[in-house]
Amino acid sequence: MMNRKEFQQYLQENVKDYLPESFADARIIFNDVVKNNDNHMMGMSIVREGEGIVPNIYIDGFYQQYQEGRNIDEIVGDIADTRIEHDSQIQAEEITHNLMNYENVKDKLEICICDTEENREHLQGLVHTEHGDFSATYHVRISEMAQDGLVASSAVTPQLLDVWGISLSHLHQDALKSDIQRMPQFIDMIDMMESLMTDENPRNLLETGEKVSPDGMGMYCLTNSERMDGASLILQDGLMQQIEGIVGGNFYVLPSSIHEVLVVPDNGQLELRELSAMVYKINRTEVAPQDRLSDSVQYYDAETRTLENAQNREGRKELEKSEKMIAKESKKGIHDRLSEKKADAKATPKAEKAMEKAAKKNQDMSI
């Protein structure tokens, strides 16, 4: 069985045999692409002279199929078919033209979020903004649905932002308006599980407007209709306020994946320690590394309408509580000292009179 390097070499030497004559002089380029959570994936591009935008076909999945016993020539044929399917020079020129014109793409902007600390390498060279524990990156949708291994969107780079001639703040606001159009869904997890068995669409609480019981053990999923990169919805202030109204106040946000988050009302039923352990376990056992969002539970404060790291918030609240206690004790000490001084001031004349009386008595006795 071939190792990964030998597998790539075989693809490079044989893929043109499955392509039309127009690809005879094409270059085969392999690209190490840093994806979410700094995971590296190998992309394969088949580029003819004068071509600008070509599909980047990720071969990691194909190599896994080969390891599992699939015939390598079938794999090469699939890769060639993917390239042929997207061999429209007119389409490529149209995409390039649209990308260069911001007005043509601003309604196709999408937001993806990731854990900043886990994506230092991934974020290099990408336009991004930081929001607490997370960073938001911006993408332009190229095709409606991605096919296996095919890039369906283009990330916004500093160079592209310069071409557009807009500020990062401008981009972020337009991206929020575009991203919210991907039909947010807020669904009771029990309802979602039942829908998987009945093939019925679960109720979207954002549409029904119904409130949930504040005393229950409810858990709710926030995502979009495509169930793709739906975690970015936590950046939508209006949406978070709407969820606050549904659950009746403060709530925890469990970053279960880049595609969705889970919402748990803060009603005292579960502690942060339990929720953090739950997220950590799910991330290690049920979420693919490239889809992992974060291990850090977040907390939405309905009063301040802010989202922050729940552990940091708990530590800050404990510190504020300690500072108040210290201030209270310090204030109490001052009052006590003042009371002691007053008591001393009252006691002094009495003591002096007692001493004078005793001295006079001794004087009379000596006479």
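Author: Aspartate 191 is buried, with a relative accessible area of 15%, where buried means under 20%, exposed over 50% and partly exposed in between, for a 1.4 Å probe and protein chains only. This is a predicted model, in which local features need pLDDT of at least 70 and side-chain atom pairs count only at pLDDT 80 or more, whereas totals for chains, interfaces and linings use all residues. Residues are numbered from 1 along each chain as its sequence is written, and side-chain values use heavy atoms, with hydrogens and water left out.

Reader: Which side chain meets aspartate 191 in a salt bridge?

Author: Side chains of opposite charge can pair when their charged atoms come close. A salt bridge here is a side-chain nitrogen of Lys or Arg within 4 Å of a carboxyl oxygen of Asp or Glu, and for aspartate 191 the N to O distance is 3.2 Å. The partner lies in the loop between H9 and helix H10 (205-208), while aspartate 191 is in helix H9, so the pair ties together parts that are 12 residues apart in sequence; helices are DSSP runs of H or I of at least four residues and strands runs of E of at least two, numbered from the N terminus. The partner is arginine 203.

Reader: How far from aspartate 229 is the nearest side chain of opposite charge?

Author: Aspartate 229 lies in the loop between strand S9 (220-224) and helix H11 (237-247), and is buried yet has no salt bridge. With Lys and Arg counted as positive, Asp and Glu as negative, and His and the chain ends not counted, the nearest side chain of opposite charge is that of arginine 182. Arginine 182 is also among the residues that aspartate 229 touches, contact meaning heavy atoms within 4.5 Å. The distance to that side chain of opposite charge is 4.9 Å.

Reader: Which residues are linked with Arg182 in a network of salt bridges?

Author: A search of the whole structure finds 17 salt bridges. The network that includes Arg182 links this residue with Glu110, Arg141, Asp179 and Glu226.

Reader: Which element gives the most to the lining of the second largest pocket?

Author: A pocket is an open set of points on a 1 Å grid over the protein atoms alone where a 1.4 Å probe fits, with protein on both sides within 12 Å along at least five of seven lines, and lining residues have an atom within 4 Å of a point. Of the 16 residues that line the second largest pocket, those closest to its centre include Met189 and Glu286. The elements that give two or more residues to this lining are helix H9 (189-198) and S9. With four residues, the element that gives the most is H9.

Definitions and conventions
Lists of a residue's contacts leave out its neighbours within four places in sequence.
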